[in-house]
Amino acid sequence: MKKVLIIDDEKKLRELMARIIELEGYEVHEAGDFKAGLKKLEQVDLYVVLCDVKLPDGNGVEMVQQIKARYPIVEVILLTAYGNIPDGVQAMKNGAFDYLTKGDDNNRIIPLLSRAVEKVELAKQVRSLQKQLGNQFSFEGIVGKSGALAAAVALARKVAPTDTSVLLTGETGTGKEVFAQAIHQASARTGKPFVAINCAAFSASLLESEMFGHRAGAFTGATKDTKGLFEEAHHGTIFLDEIGEMALELQAKLLRVLETGELLRIGDTKPTKVDVRVVAATNRDLPREIERGLFRSDLYYRLSVFQIRLPALRERLEDIDQLAQYFLQGFARTMAKKIIGCTAQYIDTLKRHNFPGNIRELKNLIERSVILEDGAMLGVESLPIELQLPSEAPTSTELSVFSLATAERAQIQKVLVHTKGNKTEAARLLQIALTTLYRKLEEYKIA
């Protein structure tokens with residue numbers, strides 16, 4: 001039930017107003033002066049305060065500021081027996097929702113109260129969503145407890161509160177943007193914009209326009225002034241993914257922004273000041289790229305003031321179980337499937353895989369499995385056949401990837417996985433005699 005507080009020293013008027021508001025379905029609390037009202041605010045999760053302007057211990061117009069400073073979501077409607085324009089203007093400046101005259105505006109109280117409550121509910125929803133997003137993108141939202149991951153998280157926590165540039169390195173799919181988001185959330189810039197751009201997704205000229213913006217008429221199709229992503233990220237963080245793909249001429253312009261805090265829009269002659277923290281990421285060996293003349297050494301040293309290497313998934317196999325469960329819960333919820341976990345065989349099979357695509361690849365595999373699975377547990381049958389097959393090749397027979405024997409061996413293994421090792425059922429599905437199946441199992445060294 002929505003809670004409303006009435007602060008008024010006239011008891012009869014306060015009680016009458018409380019009765020009217022209660023009939024509209026609100027829970028009403030009362031206070032005779034501002035001190036008692038503040039105590040109620042501390043004790044009760046209030047939505048709206050109806051406050052008289054003239055109180056024994058203060059002026060309601062001035063008190064609006066105190067209430068809004070302590071409880072910014074709570075809305076305040078001021079009531080007075082003698083309304084005047086200057087008081088009304090000052091009340092609104094101080095943060096009041098509205099200003100009513102007793103007696104003259106009685107018919108406005110309930111509709112106004114309803115609108116104030118709607119505004120508070122919206123603010124509460126926004127705050128809840130911000131909290132959820134904060135948790136999702138915080139360090140607490142990073143899944144895994146392996147030593148390799150913990151070391152990377154510890155470094156990121158150290159650098160997060162500073163404004164130092166950070167360079168995240170590691171293979172594709174190791175979660176660089178997740179780390180960049182967590183660093184932003186743990187910094188003083190949280191609540192300000194977080195802007196991400198993939199430097200490999202644009203040509204050099206288009207990337208410059210995306211990053212720094214342009215003036216109208218700077219090039220064909222530039223019909224109006226446009227801000228770049230650096231300006232959009234003002235006071236916040238910009239994440240430059242795949243920085244190693246950036247063209248050399250654009251690297252020089254980026255270096256100037258980092259060193260001076262100023263950028264020049266395409267077609268402009270006057271620089272624009274920006275306050276942006278840069279987190280960059282790459283899967284390339286930048287020192288090697290510098291030797292090859294493909295990356296500027298001065299930009300590298302400017303970006304890599306604090307460098308964090310993110311471990312590949314094969315370096316943190318103990319996290320696969322937890323990651324699989326995390327992705328499973330999300331996909332099962334989205335697809336409305338009642339899948340509660342993974343079989344031990346499923347997890348063991350995942351741990352034998354090399355994961356060249358790292359966490360991104362694992363996420364895709366779990367999504368595929370959730371789509372295919374009809375039971376309560378993800379089974380190995382829902383994985384691609386290449387993951388189900390043993391990684392070691394047969395020792396007695398050299399099988400070419402193009403040979404008929406290789407295809408036959410793979411098909412037998414696939415059917416055995418489907419029948420959970422039931423050879424009689426496998427022979428039936430393969431439409432061969434059971435003795436033939438046993439002979440082929442021995443020939444291909446299938447256990």
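Guide: Lys and Arg count as positive and Asp and Glu as negative, while His and the chain ends are not counted; the place of a charge is taken as NZ of Lys, CZ of Arg, CG of Asp or CD of Glu. This is a predicted model, in which local features need pLDDT of at least 70 and side-chain atom pairs count only at pLDDT 80 or more, whereas totals for chains, interfaces and linings use all residues. Residues are numbered from 1 along each chain as its sequence is written, and side-chain values use heavy atoms, with hydrogens and water left out.

Visitor: Okay, how many positive and negative side chains does the protein chain have?
Guide: The protein chain has 59 positive and 59 negative side chains, and the centres of the two sets lie 2 Å apart.

Visitor: And what is its radius of gyration?
Guide: The protein chain has 32 Å, whereas a compact globule of 447 residues would have a value near 22 Å, with the radius taken over C-alpha atoms and the globule rule being 2.2 Å times the number of residues to the power 0.38. Along the principal axes, the C-alpha atoms fill a box of roughly 100 × 60 × 45 Å.

Visitor: Switching topic: is lysine 273 buried or exposed?
Guide: Lysine 273 counts as exposed because its relative accessibility is 56% (buried means under 20%, exposed over 50%, partly exposed in between, with a 1.4 Å probe and protein chains only).

Visitor: Which residues does lysine 273 touch?
Guide: Leaving aside residues up to four places away in sequence, lysine 273 touches His234, Thr260, Gly261 and Glu262, where contact means heavy atoms within 4.5 Å.
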